[in-house]
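Dear colleague,

I am passing on the structure below, and would be grateful if you could look it over alongside the notes that come after it.

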Amino acid sequence: MKTFKCVLIDKNKKKVTRIIEAENEQSLLLKIKQMEYYLVSKDEVVKETKAIKKMKPKDLIIFCRQISVMLESGITIIKAIHILETKSTNPKTKVVYERIYESMQKGNSLSTAMKAQEVFPNILINMIEAGETGGIVEKNLAKMGEHFEKENKLNNKIKSAMMYPMILSVVAIVVVIFLVTLVLPTFFELYEGQDLPVITQILVSFSNILTKYWMIVLGGVAIIGMCIPIICKLKPVRFAIDSFKLNGPVVGKLNRTIYSARCARGFATLYASGLDMIELLRMVSIIIGNVVIEEKFQDVIQKVSRGEYISTSLEDTAVFDPMFTSMVYIGEESGSIDTILDSAANYFDEEADAASTRLVSLLEPIMMIIMALVIGFIVAAVMLPMYGMMQHIS
């Protein structure tokens, strides 16, 4: 597949520059004709513009909402993709839309074309596939746009709330390094020849390591920083972290509220799409984003496949808020589970906002306590030898 940089003229006689992939020049001319452009000049691009590895939440929201609106307006799906690709300002995202458009021109469905790109979440592809089967693609896309928007809003709120503790942590580390490497060595010179307390010896050793081997320390910190994300992705480590998120003191209860909100919203979004219940439960388990819950959902799927109530199966996991499982039970009994799920999703969205705020607010006093302990340790390490010197003088 070759890549060409083409200067084209559109219907309004305006010049536009496009990056187009084609197997050869003949295919290129055919594509330009199908896009209703006129070729002015072309140059083959040696380095191909790479597509993104994963669609960002903002791009997913735009994709779902704009395609949904265009389909409701009567525009065909392939034309809608072409319009979205034309309007895209991100070169990497544009490549994804171009490839989807090319795949659909060959007769593939939207879900098949999206699946081939390997950048869209499975929940979106499955929803579109279900919509194509039931003829409700625009409705499912609208629901997914709302789903991604709420999920992105919650994640942004958590990130914003985490900003202050992160800044506080960085400032504290910088201040400690400044004291240990530049200020405290002056005091340590006064203590030469003395028998120092253990805590002072520890601080002196730490200061010497930072001042003499700072390049090694910096390299070690960089290596650890690169290794931590990799280690956290290992299944045993991630399982332990996610288990703490569920069962840890204080944070466990708050996280269970957030997980209940994700489950309720995912359930409500997927239920209206007409997906098979087993596939629906499998997708919900992935949406929640906790490997411990995902494993527990295997039992839920088995129980539901045997004919047990969804509410009872979810309650047996001992993960979700009792109000959520109760609302699901009422929906099953009354036959209005879709309405109940929408209400549950709206309620737990608000609860998740409050829970995330409380969760992050716990970090501030913890940070203050840690900083107080560190400063107290430094002060004690410096003052104890000085106090000994004063006693010796007197």
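What follows covers the sheet, the helix across it and the cavities.

This is a predicted model, in which local features need pLDDT of at least 70 and side-chain atom pairs count only at pLDDT 80 or more, while totals for chains, interfaces and linings use all residues. Residues are numbered from 1 along each chain as its sequence is written, and side-chain values use heavy atoms, with hydrogens and water left out.

Three strands form an open antiparallel sheet in the order S2-S1-S3, where strands (E, at least two residues) and helices (H or I, at least four) are DSSP runs numbered from the N terminus, and two strands pair if DSSP finds at least two bridges between them. S2 and strand S3 (38-45) stand at the edges with a single partner strand each, so one side of each is left without a neighbour in the sheet. Strand S1 (residues 2-9) pairs with S3 over seven bridges in the antiparallel sense, and Cys-6 stands opposite Lys-42 in S3.

Helix H1 (residues 25-34) lies across S1, S2 and S3, contact meaning heavy atoms within 4.5 Å.

The largest cavity is lined by residues including Arg-18, Lys-31, Glu-98 and Tyr-101; a cavity here is a set of points, on a 1 Å grid over the protein atoms alone, where a 1.4 Å probe fits but cannot get out, and lining residues have an atom within 4 Å of a point. Strand S2 (15-22) and helix H4 (91-105) are the elements that give two or more residues to this lining.

With best regards

Definitions and conventions
1 Å grid on protein atoms, 1.4 Å probe; cavity = no way out; pocket = protein on both sides within 12 Å on 5 of 7 lines; lining within 4 Å. Axes fitted to C-alpha atoms, helices over the stretch in contact; angles between N-to-C directions.
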